[in-house]
Amino acid sequence: MPETLSLKGLLDKVLEYKHDADIDILKKAYHFSSEAHCSQKRSEGSPYIKHPLEVASILADMKMDIPSISAGLLHDTVEDTGTTTEDLRGIFGKEIAYIVNSLTKLSKVEFQTKKEAQAENFRKMLLAMSEDVRVILIKFADRLHNMRTLEFLPPDKQQRIAAETLEIYAPLANRLGIAWLRVELEDLSFRYLMPELYQELVRKVAKRKEDQEGYIREVLDLINLKLKEEGLPGKVKGRIKHFYGIYQKMQKQRITFDEVHDVTGIRILTDTKSNCYAILGLIHSLWTPIPGRFKDYIGVPKSNMYQSLHTTVIGPKGERVEFQIRTEEMNRIAEEGIASHWKYKEKGELDERNSKYISWLRDLVQVQKDVPDAMDFLEAVKGEVVPEVVYVFTPKGEIKEMPMGSTPVDFAYSIHTQIGHKCVGAKINGKIVPLRYILKNGDTIEVITSQAHGPSRDWLKFVVTQRAKNRIRQWIKAEERTQSVELGIKLLETELRKHNMSHALMKSDEILAAARSLGIGSLEDLFVAVGFGELSTHQVLNRLMPGKAVEAHPEQVRVNKPLKEHKGVSIKGIDDVLYHTAKCCYPIPGDNLVGFVTIGKGVTIHRRDCLNIERMVVEEARLIDVEWQPAGDMTANARLVAETIDKPGILANISALVSSVNININHLEAISTPERHGIITFLIGVKDLPQLRSLMQKIKQMEGILRVSR
């Protein structure tokens with residue numbers, strides 16, 4: 001298409017819905033972008049300007065304002081050319097420059113992985129979106145055109161981009177109520193992620209449509225006739241479910257395509273809310289409704305403002321027919337969502353109704369402000385855009401929408417942080433339920449609170465909302481910090497007394513200087529480090545008295561030699577750390593290890609396959625990497641459990657075998673079971689994992705041994 005015609009087509013499209021549009025700025029943005037990208041081509045070989053022009057055209061289809069369409073034309077200039085944000089600000093003003101900058105990837109920042117970089121870029125964009133939603137709408141247009149031209153990219157890139165689109169952009173479009181965009185993004189992603197299944201569905205849907213055309217026409221004619229007889233205004237049309245929606249239904253219900261009865265459906269548009277219900281009554285009077293298939297999204301709208309009545313009936317000839325009934329305005333909102341705002345508004349600010357579209361994001365940004373990790377933010381967003389929800393009620397009858405799987409604790413935190421913190425129980429429909437109770441549609445929830453109560457770490461095992469998880473973690477972190485300060489002060493005061501040092505040192509410049517020499521900026525942080533086990537008291541005293549070495553207590557083992565000389569456990573990246581081995585799993589040299597920082601005890605070393613580590617996984621911030629450096633004759637306790645046939649002499653035989661390979665038995669217990677089996681548990685001192693495995697193999701080969709485990 002010639003350049004002037006392409007630009008003219010865009011301008012004509014804009015002038016159709018905004019007769020007084022400032023097309024001069026659009027022309028300027030087009031020519032600036034064309035010149036900036038003049039040496040670049042798209043993957044299919046076309047001039048690069050075609051892409052920003054197509055993005056601008058999609059935005060014009062969405063009837064966006066002039067700054068948005070201008071930013072669409074310019075969206076790649078800063079990232080892919082020598083243009084700077086300052087250049088755009090000088091030529092096009094700060095509004096357009098801000099939008100383009102928000103869409104520009106963080107190319108100058110180094111990330112460890114591509115996934116981390118993508119997450120950080122996405123976070124940057126969503127933070128900007130919480131201030132100006134036009135940012136994400138332009139990104140949608142950019143992603144949509146890239147998906148429409150995905151065929152020109154290598155298969156691996158097709159898969160990656162399609163997966164990202166299906167996982168993030170399509171659900172986000174749904175959360176913002178833009179149904180047509182979600183449908184196209186889902187079907188395009190489906191086409192590239194599962195091409196064979198996609199093509200098979202295309203063929204089957206086309207055949208079903210062909211087979212049912214006469215049937216649907218018959219139903220449409222009957223509905224039109226009945227509407228006319230009843231004097232009810234309504235536009236009736238048949239529709240085909242989109243391919244990915246059909247695939248999802250097949251997966252969710254575990255059925256074949258032939259068992260999907262509502263591939264085709266009927267949508268009725270009318271003028272008022274009351275007529276929606278009147279038409280629903282008419283349909284139910286004509287055919288038998290299927291129980292459980294009626295949804296009233298007019299009385300209880302979805303969080304993305306979607307409103308409609310849904311019902312499925314047993315229609316003519318026993319066929320199932322799905323109906324959607326809504327007003328023209330509801331249909332516009334359902335199709336365009338937040339993008340419908342710009343039909344009548346020029347500025348980027350949202351009114352009260354439209355701000356509900358992104359209130360969840362602003363709340364999420366607020367909750368996540370203390371969580372610097374971009375991957376965590378991305379996971380939080382994914383959790384918020386999942387469409388599966390339940391509708392519950394407050395005691396006053398207000399409707400709350402909660403993610404599927406939510407509990408009374410999630411509900412409490414959704415009301416207010418302090419209500420969540422003080423939650424001790426809940427009543428559902430007047431009856432006391434456990435805090436783990438899974439909320440159901442229609443539940444009325446009353447939260448029971450106590451001022452003397454605080455969150456439990458166990459709550460993290462069952463809450464599902466990001467808000468609840470973050471608030472619980474923040475409370476635990478603050479509580480542990482307070483405890484660590486108190487414990488750190490006590491430990492240091494005790495150590496000062498042991499060395500006849502003045503208590504006044506606790507608030508002196510000398511101890512602050514000692515803290516700073518250890519890389520700690522304040523006394524409170526020093527007390528936290530000692531109480532939390534990151535520093536030992538004798539480390540602090542050694543800094544206070546540099547000329548006099550302070551010995552550690554026997555139970556406090558310190559690692560203070562170069563890594564290659566360590567005897568025992570080394571903590572990656574940290575020297576001088578107190579540690580002890582866990583008695584739940586008895587790690588030994590050669591095991592895959594992990595350390596858990598314990599208040600007042602330093603680092604507890606576990607085997608990575610220890611069941612207690614699974615319980616601690618919610619505290620990832622307190623898990624650290626450790627290595628075991630065996631040396632000399634050092635041994636470590638290992639626990640073995642042998643299940644045997646209960647007969648005389650077995651215990652003596654095992655003991656003799658262990659002694660024969662020069663391994664000491666440090667502790668031993670033996671019991672008999674009702675099944676006449678013997679359970680022998682013993683602690684032995686071994687050098688490393690190979691020695692332990694060799695011993696276990698020898699024990700397994702003995703007569704009367706059923707199994708041996710650690």
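**The open sheet and its surroundings**

I665 stands opposite I684 in β19. The model is predicted, so local features need pLDDT of at least 70 and side-chain atom pairs count only at pLDDT 80 or more, while totals for chains, interfaces and linings use all residues. Residues are numbered from 1 along each chain as its sequence is written, and side-chain values use heavy atoms, with hydrogens and water left out.

Eight bridges join β18 to the antiparallel strand β19 (residues 677-686). Strands are DSSP runs of E with at least two residues, and helices are runs of H or I with at least four, both numbered from the N terminus; two strands pair if DSSP finds at least two bridges between them. The open sheet has four strands in the order β18-β19-β17-β20, with antiparallel pairing. Its edge strands, β18 (664-672) and β20 (705-709), each pair on one side only. From one strand to the next, the twist averages 20° (axes are lines fitted to C-alpha atoms, for helices over the stretch in contact; angles run from 0 to 180 degrees between N-to-C directions).

Helix α26 (residues 689-700) packs on this sheet and touches β17 (636-645), β19 and β20, contact meaning heavy atoms within 4.5 Å. The direction of α26 makes about 165° with that of β20.

As for the cores, the largest nonpolar core has 61 residues, and I69, I136 and F140 have the most contacts inside it. A nonpolar core is a set of buried Ala, Val, Leu, Ile, Met, Phe, Trp, Tyr and Cys residues joined through side-chain atoms within 4.5 Å; buried means under 20% relative accessible area (1.4 Å probe, protein chains only). Apart from this core lies another, of 30 residues, including I680 and F682.

Definitions and conventions. Buried < 20%, exposed > 50% of the residue type's maximum accessible area, 1.4 Å probe, protein only.
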